[in-house]
Amino acid sequence: MNLREETKAVLNKYGLRANKKLGQNFLINEKIIEDIVEKAEISKDDVVIEIGPGIGSLTSCLIANAKKVIAIEIDSNMVDILKARFGIFDNFEVIYGDVLRTNILELIKDYESVKVVANLPYYITTPIIMKLLEDRLNLKSITVMVQKEVGERICATNKDKEYGAITVSVQYYTSPKIIIDVPKENFLPAPEVDSCVIKLDILEKPRVEVKDEKLFFRLVKGAFTQRRKTINNSLTSSGKSKEEISDILTSLNIDTKLRAENLSIEQYAQIANML
Ligand code: SAM
């Protein structure tokens, strides 16, 4: 039986259908699953946090390769399936709950090498990634399936049209790359758009030094919310006047007529540190 048929059979057995509201699009390509685990560089030294394991297609490959898998799943029906399938493995644990409300730090505090691997529910991709980064979990890497467009935005440079606040926020903490392209036919049910797997290698320290992180992120968000305006105008959302912003930009040798998407992360940091 191939994975598509197996997934249908498991859902049928439990009288279930994919729950759209929970972003349930199950991966049905064994090769892609193996490729994800290989490229995430999972070994018997690693504890893996899997977010949204679903019926466990990726989980099964992770259990075979990792020291331990801690899976967090919001759907109690899936939790029942996972317990039935993997309850016999002593390197598997499933937590029933919403990942955004889970104290992940507490779950991993005893482990040294922790990596996140997941096919994320698309309706909360960004909040999940930002939580993993902002909670400072001391993770080694985050390897996740996301919508292709989101992956491109996260991995963009300030020369690309996809460059945005999410690019700067994620690249502040990590070095991201797209590692696998995944067309929509590889899921059951197939989503509307294609996906990709991104790997975020966590930097030992943030990419740029900022005196006040909150101010830095506020500045970046403010700039991109008004991305059509020149930075001389959009950066006034920081509370400084147009003249003050103009002086700061001039002293940093940054053209006041540029727009949010033209500034590098380093330049945002320089400006934030002058405010
Ligand atoms: N990992 C499975 C696979 O690849 O076939 C399923 C991936 S599916 C795209 C997303 C999974 O995340 C679903 O199982 C869904 O129930 C779960 N999920 C959705 N929202 C969640 C949340 N807030 N916390 C934890 N899991 C969630």
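I count a contact as heavy atoms within 4.5 Å. The model is predicted, so I take local features only at pLDDT of at least 70 and side-chain atom pairs only at pLDDT 80 or more, while totals for chains, interfaces and linings use all residues. Numbering runs from 1 along each chain as its sequence is written, and side-chain values use heavy atoms, without hydrogens and water.

**Thr59**

I looked up Thr59 and found it in helix 3 (helices are DSSP runs of H or I, at least four residues; strands are E, at least two; both numbered from the N terminus). Thr59 counts as buried because its relative accessibility is 0% (buried is under 20% relative accessible area, 1.4 Å probe, protein chains only). Leaving out residues up to four places away in sequence, Thr59 touches Glu50, Pro53, Val69, Leu82, Phe86 and Phe92. With Glu50 I also noted a side-chain to side-chain polar contact at 2.7 Å (N or O atoms within 3.5 Å, one able to donate a hydrogen and the other to accept it).

**Pockets**

I use a 1 Å grid over the protein atoms alone; a pocket is an open set of points with protein on both sides within 12 Å along at least five of seven lines, and lining residues have an atom within 4 Å of a point. The largest pocket has a volume of about 380 Å³ (space filled by probe spheres set on the points). Its lining has 28 residues, with Gly52, Gly54, Glu73, Asn119 and Pro121 nearest the centre. Helix 3 (57–65) is among the elements that supply at least two lining residues each.

The second largest pocket holds about 310 Å³. Of its 14 lining residues, Asn138, Leu139, Ile202, Leu203 and Glu204 are closest to the centre.

Technical notes: 1 Å grid on protein atoms, 1.4 Å probe; cavity = no way out; pocket = protein on both sides within 12 Å on 5 of 7 lines; lining within 4 Å. Buried < 20%, exposed > 50% of the residue type's maximum accessible area, 1.4 Å probe, protein only.
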